[in-house]
Amino acid sequence: MGVGASGPATAFAPSVTVPLRFVVAGVLALPAAALLLVLRPDLLAAYHYNQYTVAATHLWVLGFLGSVAMGAMYQLVPVALETRLHSERLARWHFVLHLVGVAGMVWMFWRWDLKQVGHFGSALAAGVALFAYNLGRTLRTVPRWNVVASGIAAALGWLGLTVLAGLAIAAAKCSYDSLATLPPGHPLRPALLALQATATWLGRFDPLGVMHAHAHLGGVGFFVMLIMAVSFKLLPMFTLGELQNPRRAGAALGLLNLGLAGVGLTLFLRSRGQPLAGLVVLAGLALYGLEVRAILRARKRRRLDWALRYFLVALGLLAVVAPLGWVLGWPGLPATQLTTQLETVYGWLGLAGVVSLTVLGFLYKIVPFQVWYHSYARQVGRFRVPALADLYSERLLVAGLGLVLTGVLGAALGAALASELIVRAGALVLLAGLGVFLVNLGRMFRHFWRPRLEPLPGSALSSKPVGVDAEVKPA
Amino acid sequence: MSAETVEVDARGLEPPQPLMRILEALAGLPDGAVLRARTDRRPMHLYPLLAERGFTAETQEQSDGSFLTLIRRA
């Protein structure tokens, strides 16, 4: 392979199996979490600080959102930034640690065994460390640093902080009685002493504030930051447009980072400066909205496909959720049933609405392409291959979006009214929407396992497909 | 004598259509000819497929932000 004037043409497309295994794990965790909500609507209808809501939240956030987001980044970052992934081997180890960590954490949160949460959380953290190292090394090879790379680097930083904060919170909820019985030279003693010191230090702060800070570092710092950064690349790519104002995009990213640092700190310290920090976040999001609008207005492809509409609906929800969060952060706001339930609505709409709808829409872009690339790219020019749109049903996509959105909004209403009945109804509709999504996903994966080819006009039926076990049917 | 060139303009197309246009054009590329493919983005997914089919590629970014990839048999 030759070398071009503006950079090497030697980069290899990354393996499709690494991102897809994360995606499969993620899309299996999602209906499990939704089913949990059907069975236990009190998860949203009652006050949220209980072991079951914490377990279900981690199943949703780490099991679904985290799996898909991190898997997608292994594929997306090298392609979007024109480089290659540092190590696929590390990514495969990350997957194992991630699965063990998430499954164990959710199980132990449900049992409220915080010591074991810490152990499984450490496995998850080791996986995240591999992920951050792998992508950090990948980012170092990016030929042209830009706003997308900056946003991804920031999201990685916030992810690391979120995980550390989560581990510290778990450590703070454990007792260290065994220290008294351990002999002075025992190898575990230094680690236990460090954990005890962490617990003592964190015990000085308001536990609710610490947990809110942890949630915002992850929800906003990792997921919203990632959505913002990646959309600066993908939105122009899918609408055939351009980033309209790189300075505005950079300012949006900068304000989100600055504001989040303030929000995290003021939540942690229970400081009255929270509304000011929140305003900086809102300003960053407003600039982001302006840039998205400008990209869409200047696009060459007039028709917005349904996968993009998932994303735009998610952004519409963000325009509601972000101001709601700002209001709920007002100092001295009384903790009534209404305000605490609105906190639940805020968290639910942020994660199940804004981030999940974006991820679901994104999956309709990434999975068909990955499957198509795996099964058909090598056959182009040799056989007639299906188009990307032939891999799934658009009618199911539209139906799924309608059901998921209705379900999410219904469950939010139920949470606001503290009504288990309405939450359960919303969760059932959501589950139906996810079922539709899974059926469509199954259609895509059918092409992964059993590609279907047709011979090109004039070519022999006896031609062999390259690299896949495909069925060749006459046209 | 300069080599025969075949032009493929795959700008304005959503993935994977640029990749399909280029690979389909390569299937009929005469010996010794060069395929000049224009794309909106650097064709990262194309390179391994070209190598597998015995082609070399050289990509240059153009002043308008698009990319020109010159493809010839190895």
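Two residues are in contact if their C-beta atoms, placed from the backbone, lie within 7 Å. By this criterion, residues 24 or more positions apart account for 56% of the contacts in chain B with a separation of 6 or more. The model examined here is predicted. In chain A, the corresponding share of contacts between residues 24 or more positions apart is 76%, again among those with a separation of 6 or more.

Chain B has 74 residues, and 36% of them are buried. It holds 2 helices and 4 strands. From the N terminus on, these elements follow the order β-α-β-α-β-β. The C-alpha trace of chain B spans about 30 × 25 × 15 Å along its principal axes. For 74 residues, a compact globule would have a radius of gyration near 11 Å. The value for chain B is 11 Å, so the chain agrees with that expectation.

Chain A has 475 residues, of which 46% are buried. Its elements are 14 helices and 5 strands. Its C-alpha trace extends over about 80 × 55 × 45 Å along the principal axes. A compact globule of 475 residues would have a radius of gyration near 23 Å. Chain A has 23 Å, which agrees.

Helix 11 of chain A was examined in detail. It covers residues 306-328, a run of 23 residues. At 1.5 Å a residue, helix 11 should span 33 Å. Several residues of helix 11 are buried, among them Leu308(A), Tyr310(A), Phe311(A) and Ala314(A). Further along the helix, Leu317(A), Leu318(A), Val321(A), Ala322(A) and Gly325(A) are also buried.

Strand 3 runs antiparallel to strand 4 (residues 452-455), and 2 bridges join them. Within this arrangement, Arg384(A) stands opposite Glu454(A) of strand 4.

Methods
Residues numbered from 1 in each chain as written. Chains lettered and ligands numbered in written order. Predicted model: local features only at pLDDT ≥ 70, side-chain atom pairs only at ≥ 80, totals over all residues. Expected span 1.5 Å × (residues − 1). Buried ≥ 20, exposed ≤ 12 C-beta atoms within 10 Å, placed from the backbone. Rg over C-alpha atoms; globule rule 2.2 N^0.38 Å. Pairing = 2+ DSSP bridges.
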